[in-house]
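Hi,

Here is the structure I promised to pass on.

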Amino acid sequence: MKEKENSLTSTCSFAGVKPIMVDLPYPPVQVRERNQGYANLLSNDYCGSVSELSAITQYINNENRLFSEKCPLAKTILGIAMAEMMHLQKLGELMYLLGGNIDFSAKLQCGRQKMWTPECLTIPENTRKMILADIDAETAAINQYRMHIKMMDDDCVNAVLLRIIKDEEYHIMILQILLQEL
């Protein structure tokens with residue numbers, strides 16, 4: 001059988017793309033003691049509507065839609081997504097150490113659980129609106145982390161969250177630069 005002569009191939013190589021994050025170490029992933037309430041708070045950062053899982057999925061969706069025509073932008077978006085994956089991993093470790101379950105359901109303060117769904121995402125149709133939605137999501141994440149830090153009396157957990165905030169602030173700066181370059 002003959003191969004198709006007019007096959008389509010991606011010309012955007014993602015070889016060498018690294019996580020885009022602040023060049024500072026993360027504090028050790030540890031907790032002072034088990035605390036289900038704290039684990040429940042972190043479950044919202046892990047997989048709530050404003051969460052690392054939502055950020056990863058939104059960034060990957062944006063990257064998939066940009067790579068063929070805007071390769072450099074797509075690479076940057078992928079690098080940010082990779083940093084968000086590291087945040088998700090650290091939150092999962094913290095939740096486990098606190099005695100929580102990693103089951104893709106955000107535990108709400110009213111005692112209910114909400115499973116993560118793609119309905120949490122903002123999927124605009126043009127590049128400018130994509131980046132603006134990403135900036136909004138990063139800002140909402142920072143605000144949620146700050147609120148959770150105030151609610152938790154565990155300096156070990158809070159140190160990790162404060163370090164994640166530094167990456168999220170850096171992502172906003174990068175996204176604002178990308179927006180200006182459009």
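Below is what turned up, grouped by topic.

A word on how to read it: this is a predicted model, in which local features need pLDDT of at least 70 and side-chain atom pairs count only at pLDDT 80 or more, while totals for chains, interfaces and linings use all residues. Residues are numbered from 1 along each chain as its sequence is written, and side-chain values use heavy atoms, with hydrogens and water left out.

Let's start with the cysteines. The count comes to one disulfide (a pair of cysteine sulfur atoms within 2.5 Å). Cys12 and Cys71 form it, with their sulfur atoms 2.0 Å apart. Cys12 sits in the segment before H1 and Cys71 in helix H3 (residues 71-98), so the bond ties together parts that are 59 residues apart in sequence. Helices here are DSSP runs of H or I with at least four residues, strands are runs of E with at least two, and both are numbered from the N terminus. The link between Cys12 and Cys71 is right-handed, with 80° about the S-S bond. Both Cys12 and Cys71 are buried, where buried means under 20% relative accessible area, exposed means over 50%, and partly exposed is in between (1.4 Å probe, protein chains only). Two further cysteines count as buried too: Cys47 because its relative accessibility is 2%, and Cys156 because its value is 5%.

Next, the helices. H4 covers residues 127-151, and at 1.5 Å a residue its 25 residues should span 36 Å, which agrees with the 36 Å between its end C-alpha atoms. (The expected span is 1.5 Å times one less than the number of residues.) At the start of H4, a side-chain oxygen of Asn126 comes to within 3.1 Å of the backbone nitrogen of Arg128. Helix H5 (residues 155-181) holds Asn158. Asn158 is buried, with a relative accessible area of 10%. Leaving out residues up to four places away in sequence, Asn158 touches Ile149 and Met152, a contact being heavy atoms within 4.5 Å.

Ser10 is in the segment before helix H1 (36-47) and counts as partly exposed at 41% relative accessibility. From Ser10 to Gln180 it is 170 residues in sequence and 26 Å in space, C-alpha to C-alpha. Phe104 lies in the loop between H3 and strand S1 (105-107). Though not a glycine, Phe104 has a positive phi of about 60°. Phe104 is partly exposed, with a relative accessible area of 38%.

Cheers

How values were computed
A polar contact is a pair of N or O atoms within 3.5 Å; within protein, one must be able to donate a hydrogen and the other to accept it, and residues adjacent in sequence count only if both atoms are side-chain atoms.
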